[in-house]
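Let's take a walk through this model, one piece at a time. Have the structure open as you read.

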Amino acid sequence: MSDRSHSTQSEKDWVELTVILQRIQQSLVTWFERQPYDSKWGTSASIATFLSFAAVWCELSNGFRIATSIDRSKGEELAKACFQIVLQILRTFAHREYFPLYGGVFAFFGRDALRDAIAYLDTPLKEVEGTQEKARILTLLGYSQFILGKYPEANSFHQEALEIARQAGDQPCEIANLNHNSCVCVAQKDYSQAINYSQRALILARQAGERLGEAHALATLGYSEVFAAQQMERIEPDVYEQAIEYLHRGLELSEKLSDSRFGISLAARQTQALCYISLGIAHVALEKPQAAVEYLEKGSEAVQFSSDKYLQGLNFLYLAESYYNLNNYEKAVYNSCLGMYLLEQIAAMEWRQAAGLLTILQSKLGDETVQQLIVKYRTNIIKFIGVDGYDYLPQLLEKYKRSH
């Protein structure tokens, strides 16, 4: 076969592949969006489809660029064509009404798959000029980095998205990134800056009449102020009074939004999780463990709609402390294990707090009793952290003891 004939055949194959993949993607999204019995699941699957196909085309682009079986200039040409399809997918996705400015869509991605998707999408986004679509995708990727525990990277994505959204006049996206930056600052223990971001988000949301942004800003503001008060090691009720008020108002507003269309409903659930968990932490600090448990148990249910490992880990940690203060040592052991593992996996310092509580429980109950309780809850523990996580618990506790 001549080089020209081979080249023509390669181009034909590429065109056929392009048409097939695009039709599969469009058919899947259309089918998922039309699910009459479970529209929320359908929309979640649509989001995952957009991101998955964008990652596939990124991989194809990389493959053509380094392929040795085709002419170098032709490979570069095909790589650029794949790259353009990636951008087309991302732009289409960014204009969907269910585009998730507040994350919560990554249950469809495992930890490694999510990391790969971020790596694939990072390169094309760097080459795109600042647009509303780019700001929204950067917001999603910033949140993705946050749930992986990569706070500097998350901050970088959100800062860039914030600036682009402001220039593009996309106020919902601007408000979302202020709220996300607030949560990143809390994770980095910069509580004054976290409060600053959430206050700015609240002011802008009220000016724009953006109720979802307002609900989340109230939640992040209360969340930030609870941790700021906790850092001062003060338990006077008036120190937490304003934060608790913000959280109740955020909770009330998010509950009103929870029956809205999927994109808003999902974000509202995440806001509720943030409010419940923050209220629980506040009541732990106020030495009211029963009230803390009531809020944190509701937080446990709400946070399952989110992939925010930091928030999930905190919820388990403070449930453990609350149950310990209520002398319910069995549940304290169970929740300590989950909090310890989830927080250590994202390098959050609070994992040591959970490990320390588990060590205290060992001293009080005996090593054998604690081990029996862990075995008793094996099925539930595996549900949250898998078999590998369960098997890692003894090593993690030993790691804490060696460094303590």
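The side chain of E330 makes a polar contact with the side chain of Y377, at 2.9 Å; a polar contact is a pair of N or O atoms within 3.5 Å, where within protein one must be able to donate a hydrogen and the other to accept it, and residues adjacent in sequence count only if both atoms are side-chain atoms. This is a predicted model, so to speak of local features takes pLDDT of at least 70 and to count side-chain atom pairs takes pLDDT 80 or more, while totals for chains, interfaces and linings use all residues. Residues are numbered from 1 along each chain as its sequence is written, and side-chain values use heavy atoms, with hydrogens and water left out.

Back to E330, which sits in helix α14. Helices (H or I, at least four residues) and strands (E, at least two) are DSSP runs, numbered from the N terminus. With 26% relative accessibility, E330 counts as partly exposed; on that scale, buried means under 20% relative accessible area, exposed over 50%, and partly exposed in between (1.4 Å probe, protein chains only). Setting aside neighbours within four places in sequence, E330 is in contact with L373, K376 and Y377, contact meaning heavy atoms within 4.5 Å. E330 and T369 are 39 residues apart in sequence, yet their C-alpha atoms are 9.6 Å apart in space.

T369 takes us to another pair of helices. In α15, L358, L361, Q362 and L365 meet D367, T369, V370 and L373 of α16. By class, this contact of α15 with α16 has five nonpolar residues, two polar and one charged; Ala, Val, Leu, Ile, Met, Phe, Trp, Tyr, Cys and Pro count as nonpolar, Asp, Glu, Lys and Arg as charged, and the others, Gly among them, as polar.

How do helices α14 and α17 pack? Helix α14 (residues 329–345) and helix α17 (residues 378–403) pack at an angle of about 85°, with their axes 9 Å apart. That makes α14 roughly perpendicular to α17. The axes here are lines fitted to C-alpha atoms, for helices over the stretch in contact, and angles run from 0 to 180 degrees between N-to-C directions. Angles under 35 degrees count as roughly parallel, over 145 as roughly antiparallel, 65 to 115 as roughly perpendicular and the rest as oblique.

Now for two buried residues elsewhere. E214 belongs to helix α9 (residues 211–231) and is buried, with a relative accessible area of 19%. Its side chain makes a polar contact with the side chain of R206 (3.3 Å). Not counting residues up to four places away in sequence, E214 touches L202, A205, R206 and L253. H283, in helix α11 (residues 262–285), counts as buried at 11% relative accessibility. Beyond its neighbours within four places in sequence, H283 is in contact with I244, K288, P289, A291, A292 and Y295.

Helix α6 is worth a look too. Its buried residues are Y151, A154, F157, H158, A161, L162, I164 and A165. Just after α6, G169 takes a positive phi of about 70°.

Finally, zoom out. The protein chain has 17 helices and zero strands, and buried residues make up 55% of its 404 residues. Of the contacts in the chain with a separation of 6 or more, 68% are between residues 24 or more positions apart.
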